[in-house]
Amino acid sequence: MMSSSSPAPMDRIQINDLTLHVPFLDGANWPSSEPTSQPVQLTLSFPYDLSKVAESDELQYSINYASICSTLTSAMSSGPFISLENLTERILDLCTRTHPEIQDVDLVIRRSKASLYCKAIGLHLSRSHSNDNPRREVFIEDLECPAIIGINPCERVQKQIVRFNVSTSRTTVKGPFDFRGLTETIYRAVEKSSFQSLEALASCVAEIALGFKGSASEVVTVRAAKPSALVLASSAEVQITRTLADYQRSPVSNNTTATSIPTLASLLSNISSDGTRDGLHKVAIALGSNLGDRFANIELALRLLEQPSLLGGLSAEEVAIVDTSFMYETEPMYVEDQPHFVNCACLIETNLEPRPLLSLLKKIETTVGRVPSIRNGPRAVDLDILTYDNEIIDTRDEKFRSGFDGLEGELVVPHPRIAEREFVLRPLNDMIPDYVLPKLNKPVSQLLNDLMANQPSVAPPMYKVLPFPSYPFTPSPSTHFPLQVPSTASHWTFHPTPHRKTYLMSTLNATPDSFSDGAEHDTIPTALSYVQESVQGGAHIIDVGGHSTRPGAAFVSPAEETRRVVDVVRAIRESSVKKDFLISVDTFRPEVAKAAILSGANCINDVYAFTGPDSYPLSTVAAAHLVEMRKVARELGVPVILMHSRGDAGQNKDYSGYKGGILEGLRVELGEKVDAVVRGRGGVRRWLVMVDPGVGFSKTVEDNLKILRDASTITSPSPLSNRRNLLEGYPQLIGASRKSFLGAILTEGDNSGGYVGRETKPRERGWATAAAVAAAVQGGVELVRVHDVMEMGDVVRIASRIWN
């Protein structure tokens, strides 16, 4: 029995699944610039006292349902509508104005032709005359995505459909909700994922939805179903409800250097299987070459190393490269009358025992082109086992084990001369500086320091090198071997001070809306004219972009970006410009990068460091994007430039949570991404990576000045004793050309003089750019990115003579 204090239940009137044909300006399944009419279903419910009509059976005491339907149907002629929210507000306004008795409304509206991947998208809104803040909920129905999901062997190989229903509360509304963007983001992330449990996959989707332009107070509910899971049931399903608080880890404070985002390592472990595996041997291998195309020889050797079956190995033999060093050009030791070497090292995981592994390395040397020579003489490639777990191995006869004889065809680990070879210790130090070499009982870093302390001052230095492969690449028909790599187009050498060289990158934006030069080079003739100017101005590489990264720039589809970039790259390669002129593609999309490289580009420049535009805070979507970009770069074997940013260039500028502010924030945030790109199975070679601190992206004016002032510290050892700088040693690019922070400084007046400040357009900031470029050269950066090539080339030339 109801108590006297309980409110009386309220009757309701409801119109279910009313179908309307509505024109929308945002298209249907596909985006469109023209109004597109499509079916919309709505269910309208409102409270109403039905007691009188129930007692008298007189319709005058009720509401005419047909009249409401006619009102709503006629309202569609007032379209087109820009969004579902726009239509919803129109419906609510009509209902309450035409039928004053309707004040409290519950409306569910669904569009069944608004997304390519799901059954429908919709909006659920409850509005009360006593509450000015209506409750809004957006939802996606039956979003079907292919995924690797499950623990059965077949489920780890073949993708199956997973069906998602996602609903998110919207306590604050800032413009139309991007349903198409969210469905595509979820679809791409799920397609690239590799979870064992449906629960973990649902949690991943919830995190994506919460991070998609939402607020901290929002709540998301995800239902995830596997239709193929059970033979006698339609599906197996889980449902979870989450807020952003459920995904927060280690909140930032002024007393810690931790970040509030999950680590890339943990995110990558959820979506891929490239991490270190237990039960395999960990082995370090040195590589060197000084005959023929040295860089291509080493790349071919590394690819053969991971495919023993190509050399007659058994299918059960497993070798995976999990880390690489920088690459160095070195003068020969012992036998000095021979060409310079390039040296590097890699870490592998393998199930091969020492002897079979040594046999594989010898086969690789022969296949690449090594022929018998004098000891320590020239060779196409040389591969040596440096460490094998923590074992001490010596297969020589007992009488040779105390010296350096009897090494031919035998295996000695660690090598008896490792402590005297900088070209071995330095690459090892890049990867495993704290590893204590057995028998020597010292970490690699100490052995290197000891060696350098005792080096004569006239000892020839080692220089880092960065090779660029030649594209487009067509395998040679003269060989039947199934594995070939591109030849080397060029390589850069990074000398330390006082002989440091600063390379010059010119900027070609093949876009109509770039912040500084939009529509200047978006035709082939104007682009080629700028390329010719760049060559004459001394540029070493040209950076071609087809998608503006300025805040508020128009969306560009992958197909359109690919067309813009590929057309320019092909035109350059077919032009009279010198054939070996290097081309970089400025893109964050893997499909665009791959198309551009295969058309003739030599390098990938990514402003989001492989994690995509929605990478702050880090999420599974960002990790999945990294895996795809890393795969393209690894397969093509091209250099990559990884820039620091936090999504939108004008947002997220607070680095107060880091001890050391912006500089430590750069080391931690970009370092984490670079480490994820380089290390682990499928990683990009360390020697192919350059870093960019992202001047002008998610940074204040003072932050940008700090970067220019202290650029050398970004890739130096960390000043914090408890943290290793993951950017240490990487070559660095600075791109300050024409940036808005320069304009902001020029607006400031001079209190002690007559200059009152002025507004400047990007192209009017040439002298300001010159100052920034000079500072970058003084800071020791290896590459500067500019627009005015001849002028900034002069700055580089003069500043280099002053500082280097």
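Buried, in this talk, means under 20% relative accessible area. Keep that cut-off in mind. One more point before the residues: this is a predicted model.

Let's start with W492. Its relative accessible area is 4%. That is under 20%, so W492 counts as buried. Next, Y503. Here the relative accessibility is 5%, so Y503 is buried too.

Now the rings. The model has seven aromatic pairs. Take the one made by W492 and Y503. The ring centres are 4.3 Å apart, and the planes meet at 10 degrees. Planes under 30 degrees apart count as stacked, so W492 and Y503 are a stacked pair. Where do W492 and Y503 sit in the chain? W492 is in strand 20, residues 488-494. Y503 is in strand 21, residues 503-509.

Y503 has another ring partner, F494. This pair is edge-to-face. The centres are 6.0 Å apart, with 85 degrees between the planes. F494 and Y503 are both buried.

On to charges over rings. The charged end of K501 sits over the ring of Y503, 5.3 Å from the ring centre. Then there is K464. Which ring does K464 lie over? The ring is that of F326, and K464 is 4.1 Å from its centre.

Let's stay with K464. This lysine is in strand 19, residues 463-469. Leave aside neighbours within four places in sequence. K464 is then in contact with F326, M327, Y328, W492, T493, F494, G729 and Y730.

Look in the loop between helix 17, 711-714, and strand 27, 733-734. Is Q732 buried or exposed? Buried: its relative accessible area is 2%. What does its side chain meet there? A polar atom of that side chain lies 3.2 Å from the backbone oxygen of A711. Not counting residues up to four places away in sequence, Q732 also touches others, including M690, V691, P693, I714 and T715. V781, E782 and L783 are among its contacts too.

That's the tour. Questions, please.

Methods:
Residues are numbered from 1 along each chain as its sequence is written. This is a predicted model: local features need pLDDT of at least 70, side-chain atom pairs count only at pLDDT 80 or more; totals for chains, interfaces and linings use all residues. Side-chain values use heavy atoms; hydrogens and water are left out. Rings of Phe, Tyr and Trp (its six-membered ring) pair if their centres lie within 6.5 Å; planes under 30 degrees apart count as stacked, over 60 as edge-to-face and the rest as tilted. Helices (H or I, at least four residues) and strands (E, at least two) are DSSP runs, numbered from the N terminus. Buried means under 20% relative accessible area, exposed over 50%, partly exposed in between (1.4 Å probe, protein chains only). A charge sits over a ring if NZ of Lys or CZ of Arg is within 6 Å of the ring centre and within 35 degrees of the ring normal. Contact means heavy atoms within 4.5 Å. A polar contact is a pair of N or O atoms within 3.5 Å; within protein, one must be able to donate a hydrogen and the other to accept it, and residues adjacent in sequence count only if both atoms are side-chain atoms.
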